[in-house]
Number of protein chains: 2
Amino acid sequence: MTPSLVIVGTVALDDVKTPFGEVHNALGGSAFFAGISASYWTSVGVMAIVGSDYPSKGFETMKSRGMDVAGIEISKEPSFHWSGEYGFDLSSAKTLQTDLNCLLSFKPDISKIYPAVHTLFLANIDPEIQKKVILDLSVRPSIIALDTMNFWIENKREKLLDVLKLVDILTINEGEARMLSGESNLISAARIISAMGPQTLIIKRGEYGAMVFNRGKIFLSPAFPLESLKDPTGAGDSFAGGFLGYMASEGGKDDATLRRGIVVGSVMASFCVSEFSSGGMENLSPQTLAERLSEFSEQTDYRPVSPIMGMLGG
Amino acid sequence: MTPSLVIVGTVALDDVKTPFGEVHNALGGSAFFAGISASYWTSVGVMAIVGSDYPSKGFETMKSRGMDVAGIEISKEPSFHWSGEYGFDLSSAKTLQTDLNCLLSFKPDISKIYPAVHTLFLANIDPEIQKKVILDLSVRPSIIALDTMNFWIENKREKLLDVLKLVDILTINEGEARMLSGESNLISAARIISAMGPQTLIIKRGEYGAMVFNRGKIFLSPAFPLESLKDPTGAGDSFAGGFLGYMASEGGKDDATLRRGIVVGSVMASFCVSEFSSGGMENLSPQTLAERLSEFSEQTDYRPVSPIMGMLGG
């Protein structure tokens, strides 16, 4: 059976150093994090490429989450490898090294494995691959979401603009939204980016949450605050995965569903960053998820506003 | 009649330069901004000192907002003068010059003018003055809130710690919370700061909103996003003023009232930054305030969460 959400992106091995420790060849990659996160909410298939050095633990982790890994190609080249470091405030990664390796020969043919896709997430990867995936599908998915990064905005801007015309939802961080639009103000930036194609723009603001522009409406969501935060790697991917997993499961794309999806994404990202690699997202019970969600809801609740309106004579 | 909210702080003249223009000798000061903002919600008295050069327009502006200015002393020295500049992203001010002038001889005697105060706001000023004000009152106010800044944390730490023991609510920004506590993580920082005295800590995060720690409970509030933002000067003071104006008017200090107060503060700060000086806060109708509040409420609404809970079997 075709999974409700298909994610195309990277499955990688990461070396990560934060003030709280370091890991080598840890499980990582945009599609890996997004998939693990989404797997709590819907059926997930991943399309990616790994090397023959990719550990069986990676496949086992994904399979134990019920993910379909039939679309993960195994290359003779080594796996994509990323190495990065975070400073005291954990706010941004410094990339130390990127070895594309097998990623250079990644040419996914989605139609062979998933000819009909309900929700498609093009996680961070070369925009030419993202475009090929969309064009390879004879029936357009109900939702196409895309994530990208500063590297593609700077180095493959035209290709990125090409694929943006074809997607419904774009997720990027604040700095990237400014870079892509050339505008410092995020409301102005959102208007420019929406005109490039995506009717929904989700601006990720890390520990500050997300700012969503959906067909002229704004939604603001804080991030769940954590006292013990170990490794931000994959936070944005987990956010997007949780969000799209929820959307795929609901089936709808109205504004109310989208807002609840953003909240789900925020909750999932908070689990992701609590441990290195995917350690914080591997064994979450429905009860643990429900508790975090309740806590988030409690931390953002200030209603009713009627007592304030009353003072204004309303 | 004693106003419900008494604010002690600075009334100043500012030179401000932002990417959108510049002003000279504009009306400013912590007590000025907080007072104008609070005046929409409760009766306000201001205690401050100005020089003989302070323009009558300043007094007229405050009086037109119904503020009691009987506690503003007029000195022979020139007014306190601040000069600052904001860069492209408006996120933080670079102080170019600070001339304390008459502020050096400010020795307010609150008991002479307001012997009984319901809500007291000690806006940003020397912590020794803040402490004197509290000690001069024979009856403790129902709510004492205090704002401070990096300068006092660095240069008068012991005096600041002295006065913090006496207050209920502290408002500071993120960097200052880290500086005061010596902790990078804000939840850890909040625990340390609460042990210094204030049972409620309000961390101001500029365009990202506020994070509130109230007796073990966390409340997260986004900021209202603006496309046209001209001058951030006074945003934090206007936020605190709106918050405390609402609290003073409600009379209560339970968590629900406090959360609504934070929302009022966020709304008021959004008007403050929309024009230079207090221009954005001078003529707001109840309808304009209610509209902004409705819009904020709409932008932060994602409830009910029951459809998410339903997926978790709850």
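Q: Which residue lies over the face of Y40(A)?
A: In this predicted model, a charge sits over a ring if, among other conditions, CZ of Arg is within 6 Å of the ring centre. Here the distance from the ring centre of Y40(A) is 3.6 Å. The residue is R65(A).

Q: At what distance from the ring centre of F271(A) does R292(A) lie?
A: R292(A) lies over the face of F271(A). The distance from the ring centre is 4.1 Å.

Q: How many aromatic pairs does a search of the whole structure find?
A: The search covers all chains. The total is 13.

Q: What kind of aromatic pair do W41(A) and Y246(A) form?
A: Their ring centres are 6.3 Å apart, and the angle between the planes is 75°. Planes over 60 degrees apart count as edge-to-face. The pair is therefore edge-to-face.

Q: Why does the pair of W41(A) and Y246(A) tie together parts that are apart in sequence?
A: W41(A) lies in the loop between helix 1 and strand 4 of chain A, whereas Y246(A) is in helix 9 of chain A. The pair therefore ties together parts whose separation in sequence is 205 residues.

Q: Is Y246(A) buried or exposed?
A: Buried means under 20% relative accessible area. Y246(A) has a value of 0%, so this residue is buried.

Q: Which residue of chain B pairs with Y302(A)?
A: Y302(A) lies in the loop between helix 11 and helix 12 of chain A, and the pair crosses between chains to helix 11 of chain B. The pair is tilted, with 6.1 Å centre to centre and 40° between the planes. The partner is F296(B).

Note on methods. Residues numbered from 1 in each chain as written. Chains lettered and ligands numbered in written order. Predicted model: local features only at pLDDT ≥ 70, side-chain atom pairs only at ≥ 80, totals over all residues. Heavy atoms only, no water. Phe/Tyr/Trp six-rings, centres within 6.5 Å; stacked < 30°, edge-to-face > 60°. Helix = DSSP H or I, 4+ residues; strand = E, 2+ residues; numbered from the N terminus. Buried < 20%, exposed > 50% of the residue type's maximum accessible area, 1.4 Å probe, protein only. Lys NZ or Arg CZ within 6 Å of the ring centre and 35° of its normal.
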